[in-house]
Amino acid sequence: MGRPFWVNLDDAWNRLLRGRGRSEIPDIINWADIDASWGDVRRAVIDSLQSGQVGPEYVEVLDLPKNAVAVRPISRLSVHDRLVYDTLIFSIAELVEKQLHDSVYSARWGENGKSFWKPIDSWVAMQKRGVKMISKTPFQLARTDVVSFYEHIDVGALAVDIQSAGANPWVTDRLISWLRMFQSSSRAWGIPQGPDASAILANLYMLPVDEFVHRANFKYLRYSDDMMIFDTERESLRDALLEVNSILRSRRLSMSMTKTDIYDPVSAVSQLESLEKDAIAYGLRIGEVGAEERLYKLFLAATEDEQNDRDVKFSLFRMGNHSDDRAIPWVLRNLKESHHLASELIRYLECFPNRLSATTRAYVSAMQRAAGHQYDSLEQRLLQAAARLSINSTEIRDLAWSILGDKNKSSLPREFAARYLGRVSTIADGQLLRREFENEANVNVRRALLVAMYEARSVSRPLLEALAGSRSQLTWVSRYLLGNPLVPLPR
């Protein structure tokens with residue numbers, strides 16, 4: 001079985017705890033309650049693994065924005081279920097790694113798993129390798145990916161792949177059981193999107209495609225389901241795409257029609273990398289005169305007519321780091337329209353604390369215009385920022401109450417509404433938070449309400465003691481709050 005499974009468990013927890021700031025589903029207190037009771041939580045996970053009682057009883061599927069109109073489903077698991085899942089996958093990670101060619105850049109398990117931490121670096125490295133290949137030889141590029149890849153992975157076929165990987169049957173049986181229960185526990189299917197460990201299973205599932213391309217002696221690069229095949233002959237690339245499509249269909253996957261094409265060498269380079277952005281990044285790094293102006297021009301071009309989201313993110317990150325405030329007017333106007341970039345826009349604004357008044361007005365405006373519509377992720381990000389920046393706004397407070405009371409919303413914005421209200425509460429708010437807690441069914445929102453009541457000084461010690469001694473899912477947070485902690489703010 002390789003490393004003892006409890007070593008993989010500790011690794012899984014360290015990754016989850018240390019990676020919390022990068023999570024698409026941030027926790028309202030950065031898992032401080034789990035960290036405080038890690039010994040007990042760890043024993044509970046080990047008991048589940050040893051008994052074979054694995055698999056999530058419930059999975060919440062959150063629709064996070066992919067662009068201005070489309071969404072992608074992210075699976076939200078309890079910490080217990082997430083740790084069981086990650087532990088089992090990490091137990092087969094080395095076996096999967098041995099099957100991969102160096103053309104695969106996603107979820108590599110090299111350097112004792114350290115490289116698994118760096119998806120952005122791996123993606124950039126793949127792009128640069130592609131550019132280098134075309135620079136040496138005038139290759140044409142066939143590029144494609146899979147429609148809703150994680151959702152359409154067939155668990156039956158994946159189970160056979162897992163068994164054939166040669167893992168200890170103890171691990172294999174539990175991992176397959178977990179995946180099957182995942183499909184039956186909610187409206188989720190395929191494998192969970194969200195946990196980084198899923199990318200290891202994705203690599204395992206894509207092995208037949210990798211093997212075909214390499215046997216056919218094509219130059220090839222892959223990151224998850226994004227595939228790039230290089231050759232000097234267009235017809236050879238077309239034949240390769242048809243064969244890849246056939247292999248994908250045999251595994252219940254569909255090639256994306258809109259993202260499948262063959263590019264000539266010049267177009268291929270522009271597909272892989274922006275040489276202009278490379279030059280700007282280098283210029284900023286060495287302090288080249290004019291680099292900041294070139295960056296601002298890139299931002300202006302990215303926000304004209306059809307918005308280029310990648311260039312917007314590239315520009316704002318670096319403009320914020322260099323205290324260039326010229327993008328502030330656009331960002332303040334476009335918080336709602338560019339809601340899918342909310343984390344990047346908010347991060348940029350936070351580089352300018354002297355503009356907090358204007359930022360607050362923009363937050364209020366965006367939330368007011370989003371009210372009554374499905375902008376859950378935007379509302380969550382804005383409430384998270386408002387709590388982090390200690391923005392005490394009557395308008396945001398009223399909007400937070402409305403969000404908290406709307407049980408048709410997903411739990412995440414309601415949790416952050418509760419956390420915000422706990423931070424800015426009046427005496428009356430504390431009493432109303434108790435009432436919300438008594439009438440709330442969702443365990444994640446109840447946890448957030450307990451934290452809010454604690455910060456509003458309206459939670460009773462007997463209630464916390466009763467919950468701390470129970471077998472409920474509020475045990476850990478209640479034990480944590482009994483220690484009278486300074487509760488960390490979400491990043």
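Colleague: How many aromatic pairs does the structure hold?

Modeller: The structure holds 12 aromatic pairs. This is a predicted model, in which local features need pLDDT of at least 70 and side-chain atom pairs count only at pLDDT 80 or more, while totals for chains, interfaces and linings use all residues. Residues are numbered from 1 along each chain as its sequence is written, and side-chain values use heavy atoms, with hydrogens and water left out.

Colleague: Why is the pair of Phe-90 and Trp-109 called tilted?

Modeller: A pair of aromatic rings is described by the distance of the centres and the angle of the planes. Rings of Phe, Tyr and Trp (its six-membered ring) pair if their centres lie within 6.5 Å; planes under 30 degrees apart count as stacked, over 60 as edge-to-face and the rest as tilted. For Phe-90 and Trp-109 the centres are 5.1 Å apart and the planes stand at 35°, so the pair is tilted.

Colleague: Which parts of the chain does this pair tie together?

Modeller: Phe-90 lies in helix α4 (residues 79-90) and Trp-109 in the loop between α5 (93-98) and α6 (119-136), so the parts joined are 19 residues apart in sequence. Helices (H or I, at least four residues) and strands (E, at least two) are DSSP runs, numbered from the N terminus. Another aromatic group is the cluster formed by Phe-5, Trp-6 and Trp-170.

Colleague: What makes you say that a charge sits over the ring of Phe-90?

Modeller: The rule asks for NZ of Lys or CZ of Arg within 6 Å of the ring centre and within 35 degrees of the ring normal. The charged end of Arg-15 sits over the Phe-90 ring, 5.3 Å from its centre. Likewise, the charged end of Arg-326 sits over the ring of Tyr-296, at 4.1 Å from its centre.

Colleague: How do you know whether Met-228 is buried or exposed?

Modeller: Buried means under 20% relative accessible area, exposed over 50%, and partly exposed in between (1.4 Å probe, protein chains only). Met-228 has a relative accessible area of 0%, so this residue is buried. Its place is in strand β5 (residues 226-231). Contact here means heavy atoms within 4.5 Å, and beyond four places in sequence the contacts of Met-228 include Met-126, Leu-141, Tyr-220 and Leu-272.

Colleague: What about Ser-103, buried or exposed?

Modeller: Ser-103 has a relative accessible area of 1%, so it is buried. Ser-103 lies in the loop between α5 and α6. Its contacts, leaving aside neighbours within four places in sequence, are Arg-129, His-214, Tyr-220, Leu-221 and Arg-222.

Colleague: What is the phi of Ser-224, and what is that of Asn-484?

Modeller: Ser-224 has a positive phi of about 55° although it is not a glycine. Phi of Asn-484 is near 55°, also positive in a residue other than glycine. Ser-224, in the loop between β4 (219-223) and β5, is buried because its relative accessible area is 12%. Asn-484, in the segment after α26, counts as exposed because its relative accessibility is 63%.

Colleague: What makes the buried residues of α13 line one face of the helix?

Modeller: The buried residues of α13 (residues 265-272) are Ala-268, Val-269 and Leu-272. Seen down the axis, they fall within an arc of 100°, so they line one face. That arc is taken over the directions from the helix axis to the C-beta atoms. An α-helix has 3.6 residues a turn, so residues three or four places apart point the same way. Val-266 and Ser-270 are exposed on the other side of α13. The cover over the buried residues of α13 includes α6, β3 (140-144), β5 and β6 (261-263).

Colleague: How do you know that β1 and β2 pair?

Modeller: Two strands pair if DSSP finds at least two bridges between them. Six bridges join β1 (residues 60-65) to β2 (residues 71-76), and the strands run antiparallel. A hairpin of five residues connects β1 to β2, and Leu-62 stands opposite Ile-74.

Colleague: Which residues touch the most other members of the largest nonpolar core?

Modeller: A nonpolar core is a set of buried Ala, Val, Leu, Ile, Met, Phe, Trp, Tyr and Cys residues joined through side-chain atoms within 4.5 Å. The largest has 82 residues, and those touching the most other members are Tyr-348, Tyr-363, Leu-383, Ile-396, Leu-404, Leu-433 and Leu-450. Helix α24 gives the largest share of this core, eight residues. A second, separate core has 74 residues, including Ile-153, Leu-179, Ala-199 and Leu-237.
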